[in-house]
Amino acid sequence: MKPFITIIITITILFSCKEGATKKVYKPESSGNINNLLVVVDNDLWNTTVGDAIRTHIGAEVYGLPQVEPQFDLRQVPPIVFSDFVRMNRIVLKIQRAEESGIKFYTDPYATPQKMILVSGSTQQILKELIEQNAPKIIQALKKVELKEIKSNEKVILENMMFIQKND
């Protein structure tokens, strides 16, 4: 009986180890109000044409409404503040000066669900042009995340209503 138990334990140990198994990394749940965009940019850039481009193109008003409503409520913070719980915002637009110019889209870098868009360029002019040229893509990516969040919230509300109706 003893050798049988030893064989079972050995087989269990061998088959429980998976080669190349990936560990899931825990990411906290994102936060933020719907259409509340966190803009991570130096105060110096925010007060120049770069900030104007962000406010004009990304924070532009929604057409067709009887009152002025921006597409996104913009909340600017300097990069030094972008840590800990501030990183948990659902949608983030990060602007930085860098030698390599371009735009990158990140999904769930610090929380889930989250979309972070990084715009980098060496000069104010390059940053401004990147924002202006890519504004439709940026807006589309951010709205896609927000639409999923709205649908998720509606689903929870409907489930709660169904539960309440069953218990009446």
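Student: What does Glu 132 count as, at 32% relative accessibility?
Tutor: This is a predicted model, where local features need pLDDT of at least 70, side-chain atom pairs count only at pLDDT 80 or more, and totals for chains, interfaces and linings use all residues. Residues are numbered from 1 along each chain as its sequence is written, and side-chain values use heavy atoms, with hydrogens and water left out. The classes are buried (under 20% relative accessible area), exposed (over 50%) and partly exposed in between, with a 1.4 Å probe and protein chains only. At 32%, Glu 132 is therefore partly exposed.

Student: Which residue forms a salt bridge with Glu 132?
Tutor: A salt bridge needs a side-chain nitrogen of Lys or Arg within 4 Å of a carboxyl oxygen of Asp or Glu. Here the closest N and O atoms are 3.7 Å apart. The partner is Lys 128.

Student: Which residues do salt bridges with shared partners join into one network?
Tutor: Lys 128 counts as partly exposed. The network joins Arg 90, Glu 146 and Glu 149.

Student: How far apart are the closest N and O atoms of Arg 90 and Glu 146?
Tutor: Arg 90 is buried, at 3% relative accessible area. Glu 146 is buried too, at 1%. Their salt bridge has its closest N and O atoms apart by 2.7 Å.

Student: How many residues apart in sequence are the parts that Arg 90 and Glu 146 tie together?
Tutor: The two residues form a salt bridge. Arg 90 lies in the loop between strand E2 (73–77) and strand E3 (91–97), and Glu 146 in helix H4 (residues 124–166), so the separation in sequence is 56 residues.

Student: What is the N to O distance between Arg 90 and Glu 149?
Tutor: Glu 149 is buried, with a relative accessible area of 17%. The side chains of Arg 90 and Glu 149 meet in a salt bridge, N to O, at 3.9 Å.

Student: How many salt bridges does a search of the whole structure find?
Tutor: The Arg 90 and Glu 146 pair is a salt bridge. So is the Lys 128 and Glu 132 pair. The whole-structure search finds four.

Student: What pattern does the protein chain follow along the sequence?
Tutor: The chain has four helices and five strands. Read along the sequence, the pattern is α-β-α-α-β-β-β-β-α.

Technical notes: Helix = DSSP H or I, 4+ residues; strand = E, 2+ residues; numbered from the N terminus.
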